[in-house]
Amino acid sequence: MDRSATQTTVQPSGRPRRSPQGLAVGVALTCRWLFTGAVVLQTLMVVVQPFLAGGSLDGHAAALRAHAIIGGLLVPASMALVILGVLWWRPGRGTVWGPSLALLLVVMVIAQVALGHLHLLSVHVPLGAVILLVTCLLCVIALRGVSGRRAARTRSGVQAEGVR
């Protein structure tokens with residue numbers, strides 16, 4: 001074990017200085033948690049949509065307005081999810097599935113909003129079901145990545161001993 005990589009030095013101010021590896025781990029964890037939080041928020045927004053659409057079918061105009069507002073917010077939220085997905089993938093050491101599914105969601109959500117404005121419900125409703133499935137899949141992937149179920153790896157890429 002290289003002592004210089006794990007050694008903490010003290011700055012003139014008396015506060016300990018983080019090693020470059022410690023800083024990289026902090027950045028990776030931050031990227032993972034930001035992506036996971038955004039995915040969970042996106043999933044909640046997508047799960048609420050069918051209930052709001054059903055409320056509008058019952059004659060509640062406010063439910064249709066809320067459905068349209070949340071649908072409009074899903075477009076920039078999905079775009080932000082792509083950026084956070086790339087950060088989760090590269091510095092955060094996540095899988096490539098995160099940004100890939102987020103990019104797929106951007107395309108589907110833009111099409112979904114356009115189809116909703118055109119009142120093409122025969123395509124809008126099934127596409128909404130697919131968006132819900134993809135979002136839930138992305139949520140599972142993000143939550144599994146944060147929970148630490150992936151094998152811990154050393155710097156050389158070999159699985160660490162005793163870590164499951």
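Which residues touch the most other members of the largest nonpolar core? In this predicted model, they are Phe35, Val39, Leu81, Leu105, Ile131 and Leu138, out of 27 residues in that core. At least two core residues come from each of helix 2, helix 3 (61-89), helix 4 (97-117) and helix 5 (121-146). Helix 3 is the biggest contributor, giving eight residues. As general background, nonpolar side chains in soluble globular proteins tend to be buried together.

If we set aside neighbours within four places in sequence, Leu105 is in contact with Gln42, Ser78, Leu81, Ile131, Val134, Thr135 and Leu138.

Now the overall layout. The protein has five helices and two strands. Reading from the N terminus, the order of elements is α-β-β-α-α-α-α. Of the 164 residues, 30% are buried. The accessible surface is about 10,800 Å², and carbon and sulfur atoms account for 69% of that. As for contacts between residues at least 6 apart in sequence, 62% of them join residues at least 24 apart.

Next, helix 2, which covers residues 20-57. I will go through a few of its residues.

Val27 sits in this helix. Is Val27 buried, partly exposed or exposed? Its relative accessible area is 39%, so Val27 counts as partly exposed. Val27 is also 64 residues away from Pro91 in sequence, while their C-alpha atoms are 7.0 Å apart in space.

Leu29 is in helix 2 as well. With a relative accessible area of 42%, Leu29 is partly exposed. Together with Val25 and Trp33, Leu29 makes a nonpolar surface patch of about 300 Å².

Further along helix 2 is Gln49. Why is Gln49 classed as buried? Because its relative accessible area is 9%, and the cut-off for buried is under 20%. Not counting residues up to four places away in sequence, Gln49 touches Ala66, His67, Ile70, Gly71 and Leu74.

On to the cysteines. How many disulfides does the structure hold? The count is zero. Cys136 is in no disulfide, and the nearest cysteine sulfur, which belongs to Cys139, is 6.8 Å away. Cys136 is partly exposed, at a relative accessible area of 30%. Cys31, by contrast, counts as buried, with 11% relative accessibility.

One backbone item to finish. Where is His119 found? It is in the loop between helix 4 and helix 5. The phi angle of His119 is near 60°, which is a positive value in a residue other than glycine. His119 has a relative accessible area of 65% and is therefore exposed.

Technical notes: Residues numbered from 1 in each chain as written. Predicted model: local features only at pLDDT ≥ 70, side-chain atom pairs only at ≥ 80, totals over all residues. Heavy atoms only, no water. Helix = DSSP H or I, 4+ residues; strand = E, 2+ residues; numbered from the N terminus. Buried < 20%, exposed > 50% of the residue type's maximum accessible area, 1.4 Å probe, protein only. Core = buried A, V, L, I, M, F, W, Y, C linked by side-chain atoms within 4.5 Å. Contact = heavy atoms within 4.5 Å. Patch = residues over 30% accessible without salt bridge, like charges linked within 9 Å, V, L, I, M, F, W, Y side chains within 5 Å. Areas by Shrake-Rupley, 256 points an atom, 1.4 Å probe, with all protein chains shown as cover. Salt bridge = Lys/Arg side-chain N within 4 Å of Asp/Glu carboxyl O. Disulfide = S-S within 2.5 Å.
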